[in-house]
Amino acid sequence: MSAPVVAPVSPPPQPARRPLPPVLRFDNVTLGYDRHPAVHHLHLQIAPGALTAIVGPNGAGKSTLLKAAAGLIRPLDGVIQRGVPARRIAYLPQAAALDNSFPLTVYDLVAMGLWERCGLFGRIGRRHAPRIAEALRAVGLTGLESRPIGALSGGQLQRALFARLLLQDAALILLDEPFNALDAATVADLTALIHRWRDEGRTVLAALHDLELVRASFPQTLLLARELIAHGPTDVALTEANLARARRMNEAPDPHAAPCVRAA
Amino acid sequence: MHAIYAWLIGPFVEFDFLRRALVGALALSLSGAPVGVFLMLRRMSLTGDAMAHAILPGAAIGYLLYGLSLPAMTFGGLAAGFVVALLAGAVARLTQLREDASMAAFYLLSLALGVTIVSLRGSNVDLLHVLFGSVLALDDATLILLGAVAVITLFTLAALWRPLVVECVDPGFLRSVSRAGAPTHLIFLVLLVLNLVAGFHALGTLLAVGVIVLPAVSARFWARQVTGMAAVAIAVAALSGWLGLALSYHHGLPAGPAIILVAGVIYVLSLCLGPVGGLVWRALPGRHLEA
């Protein structure tokens, strides 16, 4: 006595506007060194495609947060979940880590970005040359391919590292103070690249100091001072009151601090 | 022409032991020199020196138990080298001491211990053999060992080239894309110990590192890229072996030190005349360019 069931030809429609799972999810995460927290009890979700600036005073835990997101340090407490596989995460540390006395050309430095595709042993040959040339063109380094990296200016080196990021083709891009000591033209060019990544649907998190730049170019902001002060649309997060709260952070760790008993 | 032939080639045609020494020196050049290039680029040249001394007590215990026996001294040397490398790394990681400082402590101990152990049983001749090698008395087994080490080293370097380079330039990047960093470092240390033990049989514990480090630092003044540097270093090492042996034959010099001295002369020449940052080119840079 039941009505004939007609099998649907097409799959049932997805519920409209179901939120995508976050690319990064920090669940009561405490990060730090030697048991001293650098980032304390952090709850955080980064939506896919978000372009987020991380702002805070020195010692606020911005670099630590990025390292943890990249999977380079383990949280002291709490859980970090990533919505993308580790190989689709690119991380650009502060420039100091690079040994630029090493005899390597700009071309080879940029070609390192193909690691995910070529791995430890794969050949990087002529068939990759167009991609590498395109990355160099995108950052304005065409013609400098055969320069040793030690002969580059600070701005050129950062451009080369961005070209490497381009080749890495990552879904989540983590940048630690990418614009330190760069001139306005370089910052503008590299910011344009970051916007291109956003338009391609990549998620970008960048630790920054220049609030004007953040207000002009980054729709989302995460204000950090060991604790999360604010996270949301930039004009809402970067209020004078929030910034004042962030500045009051006490930088030195207390050597006699007792174990933290705060509930999750 | 004839004089050059008589000086450079004649002795090797005439004497079997010189040919063997040359083959041994060439095998050492092929493997030791590129290892030396990475040692230099990783700022580990002095670590190489320390490791060379660290091999001594192991080889000496082998000698104490079995006399001048190739397998015993090889095995002892390898074991001692690995133990010191791992201990120094562990001490650096677990205490305040930096790796170079703990290396220095370990190698001084090793050298004193090694010389003491050799003296317990042997004569001064044996001690000289251990400290300075016996490149003019390489038997078949030793030559096979040197050749095998060269083959292993070259294939391993070819396979690990990319992580080795990337780990030198940008260790942070390597850590973010791959977990190959720590194993690469470890395998590189194994290669270093292998080459030091091979060099130990020919040049002795004090000079083995010479044929690894000197050609590499010379090559830095001739090539701008790692590949070129490795090629130049191999050439310098091979030339040092050849000229050093010829020199020692014609002038009655000890062979091992003669090889290292030739490498040293090439180093000083490179330092002065090398086109990549040599002293002469620094002193006479020429007028600056337009752009």
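Analyst: **Helices of chain B**

The model is a predicted one. An unreviewed UniProt entry lists residues 186-214 of chain B as a "transmembrane region", and gives residues 48-66 of chain B the same label.

We may now turn to a place where two helices meet. Two packed helices are described by the distance between their axes and the angle between them. Helix H3 (residues 16-41) of chain B and helix H11 (residues 210-219) of chain B have axes that come within 7 Å and cross at roughly 60°. The crossing of H3(B) and H11(B) is right-handed. On the side of H3(B), the residues that take part are B:Leu28, B:Gly32, B:Ala33, B:Val35, B:Gly36, B:Val37, B:Leu39 and B:Met40. They meet B:Val211, B:Ile212, B:Val213, B:Pro215, B:Ala216 and B:Val217 in H11(B). The residues of this contact comprise 12 nonpolar and 2 polar, with no charged residue.

B:Thr184 belongs to helix H10 (residues 181-207) of chain B, while B:Leu160 lies in helix H8 (residues 140-169) of chain B. Although B:Leu160 and B:Thr184 are 24 residues apart along the chain, their C-alpha atoms are separated by 7.1 Å. Apart from its neighbours within four places in sequence, B:Thr184 is in contact with B:Pro163 and B:Leu164.

Are B:Leu160 and B:Thr184 buried or exposed? A residue counts as buried when its relative accessible area is under 20%. B:Leu160 has a relative accessible area of 11% and is therefore buried. B:Thr184 has a value of 2%, so B:Thr184 is buried as well.

Chain A may be set beside this picture. Chain A contains 9 helices and 9 strands, and 47% of its 264 residues are buried. Among the contacts in chain A with a separation of 6 or more, 69% join residues 24 or more positions apart. Chain A exposes about 13800 Å², of which carbon and sulfur atoms supply 54%.

Notes
Residues are numbered from 1 along each chain as its sequence is written. Chains are lettered from A and ligands numbered from 1 in the order in which they are written. This is a predicted model: local features need pLDDT of at least 70, side-chain atom pairs count only at pLDDT 80 or more; totals for chains, interfaces and linings use all residues. Side-chain values use heavy atoms; hydrogens and water are left out. UniProt positions are given in the numbering used here, feature names are shortened, and annotations may be inferred rather than shown by experiment. Axes are lines fitted to C-alpha atoms, for helices over the stretch in contact, and angles run from 0 to 180 degrees between N-to-C directions. Helices (H or I, at least four residues) and strands (E, at least two) are DSSP runs, numbered from the N terminus. A crossing is left-handed if the near helix is turned anticlockwise from the far one by less than a right angle, and right-handed if clockwise. Contact means heavy atoms within 4.5 Å. Ala, Val, Leu, Ile, Met, Phe, Trp, Tyr, Cys and Pro count as nonpolar, Asp, Glu, Lys and Arg as charged, and the others, Gly among them, as polar. Buried means under 20% relative accessible area, exposed over 50%, partly exposed in between (1.4 Å probe, protein chains only). Accessible areas come from the Shrake-Rupley method with a 1.4 Å probe; for residues, only the protein chains shown count as cover.
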